[in-house]
Amino acid sequence: MPTASAVPGKTLLNPVDHTLIMIDHQSQMSFATKSIDATTLRNNAALVAKAAKEFEVATILTTVAEKSFSGPIFDEIKSVFPDQHVIDRTSMNTWEDPRIAVEVNRHGKAKIVLAGLWTSVCIVGPALSALDQGFDVYFIADACGDVSVEAHEMAIQRMVQLGARPMTSLQYLLELQRDWARTNTYDATVKTSIENGGAYGLGLIYAKTMFNASEGH
């Protein structure tokens, strides 16, 4: 029989074991995205960006044809990383741009976390490519979107069948925090949850306003 010990599972993410790549969160890509509404998509992208910034996650930002066609990266992302260079590509598969490989290798993380538009192209491409090269791949499903619900879901099935692990934006934030007693990131995690965590954020507002409640003991 296995023996239980108070240590996290190896497949759980922590702030230093992965590189986050946010891909093609741009206006042109959003116009045709139908699997998720634009307001929710922008909110979830903001949540992911804030989580990465808060926990100092190695982060790569990239766009496609920013100046000539697709427009700039969402301000919800750029405002969180105002000084970070955004790599603009021509390739639909982010992983085929040599500059991305340079950045991934520079960060030196075995796990890759992806979020972007569209799921069936801009996420499937790097997910399958990274898996082929031996990386552990995760994707934040509700910070991705596609031209239809079917396209989004088929892309998810394809990635999961080959070993990629799906998660959500709020799950990403809370998995990085994982213990409310971690006081150095507690305030920022609560702030981001309140601002972008939907109904969970409303619950935090209520609990802290009415009872001055705190998850940490």
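This is a predicted model: local features need pLDDT of at least 70, side-chain atom pairs count only at pLDDT 80 or more; totals for chains, interfaces and linings use all residues.

User: Where does threonine 19 lie?

Analyst: Threonine 19 is part of strand β1.

User: And what does threonine 19 touch, leaving out residues up to four places away in sequence?

Analyst: Its contacts are Ala58, Ile60, His107, Lys109, Lys111, Ile112 and Val113.

User: How many residues are in the largest nonpolar core, and which have the most contacts inside it?

Analyst: That core has 56 residues. Leu20, Ile77, Leu114, Ile140 and Tyr172 have the most contacts inside it.

User: Salt bridges next. How many?

Analyst: The count comes to seven salt bridges. One of them joins arginine 89 to aspartate 24, with the closest N and O atoms 2.9 Å apart.

User: Which parts does that pair tie together?

Analyst: Arginine 89 is in strand β3 (residues 87–89), while aspartate 24 sits in the loop between β1 (18–23) and α1 (27–31), so the bridge ties together parts that are 65 residues apart in sequence.

User: Are arginine 89 and aspartate 24 buried or exposed?

Analyst: Both are buried. For aspartate 24 the relative accessibility is 0%.

User: What about the phi of aspartate 24?

Analyst: Phi is positive there, about 60°, although aspartate 24 is not a glycine. Glutamate 56 is another non-glycine residue with a positive phi, near 55°.

User: Where is glutamate 56, and is it buried or exposed?

Analyst: Glutamate 56 is in the loop between α2 (38–54) and β2 (58–64). Its relative accessible area is 71%, so it counts as exposed.

User: While on backbone geometry, which peptide bond is cis around tryptophan 118?

Analyst: The bond from leucine 117 to tryptophan 118 is cis, with omega near -15°. Tryptophan 118 lies in the loop between β4 (111–116) and α6 (119–132).

User: Back to salt bridges. What does arginine 106 pair with?

Analyst: Arginine 106 pairs with glutamate 103, at 2.7 Å from N to O. The two are three residues apart in helix α5 (residues 98–107), so about one helical turn separates them. Arginine 106 counts as exposed because its relative accessibility is 56%.

User: And lysine 191?

Analyst: Lysine 191 forms a salt bridge with glutamate 195, again listed at 2.7 Å from N to O. These residues are four places apart in helix α9, and so are separated by about one helical turn. Glutamate 195 is partly exposed, with a relative accessible area of 39%.

User: Which residues are in the salt-bridge network there?

Analyst: Lys50, Lys191 and Glu195 are linked in that network.

User: What else is in helix α9?

Analyst: Isoleucine 194 is found in α9, which covers residues 183–196. At 30% relative accessibility, isoleucine 194 counts as partly exposed. On the surface, Ile194, Leu202 and Ile205 form a nonpolar patch with about 250 Å² of accessible area together.

User: Switching to rings. How many aromatic pairs?

Analyst: There are three aromatic pairs by count. Among them, tryptophan 180 and tyrosine 186 are edge-to-face, 5.7 Å centre to centre with 80° between the planes. Tyrosine 206 and phenylalanine 211 have ring centres 5.7 Å apart and planes at 80°, so that pair is edge-to-face as well.

User: Last one: where is alanine 207, and what does it touch?

Analyst: Alanine 207 lies in helix α10 (residues 198–211) and is partly exposed, at 21% relative accessibility. Leaving out residues up to four places away, alanine 207 touches Asn212 and Ala213. Its C-alpha atom is 27 Å from that of proline 15, which is 192 residues away along the chain.

Key: Residues are numbered from 1 along each chain as its sequence is written. Side-chain values use heavy atoms; hydrogens and water are left out. A nonpolar core is a set of buried Ala, Val, Leu, Ile, Met, Phe, Trp, Tyr and Cys residues joined through side-chain atoms within 4.5 Å. Buried means under 20% relative accessible area, exposed over 50%, partly exposed in between (1.4 Å probe, protein chains only). Patches are made of residues with over 30% relative accessible area and no salt bridge: like charges are joined within 9 Å, nonpolar side chains (Val, Leu, Ile, Met, Phe, Trp, Tyr) within 5 Å. Accessible areas come from the Shrake-Rupley method with a 1.4 Å probe; for residues, only the protein chains shown count as cover. A salt bridge is a side-chain nitrogen of Lys or Arg within 4 Å of a carboxyl oxygen of Asp or Glu. Rings of Phe, Tyr and Trp (its six-membered ring) pair if their centres lie within 6.5 Å; planes under 30 degrees apart count as stacked, over 60 as edge-to-face and the rest as tilted. Contact means heavy atoms within 4.5 Å.
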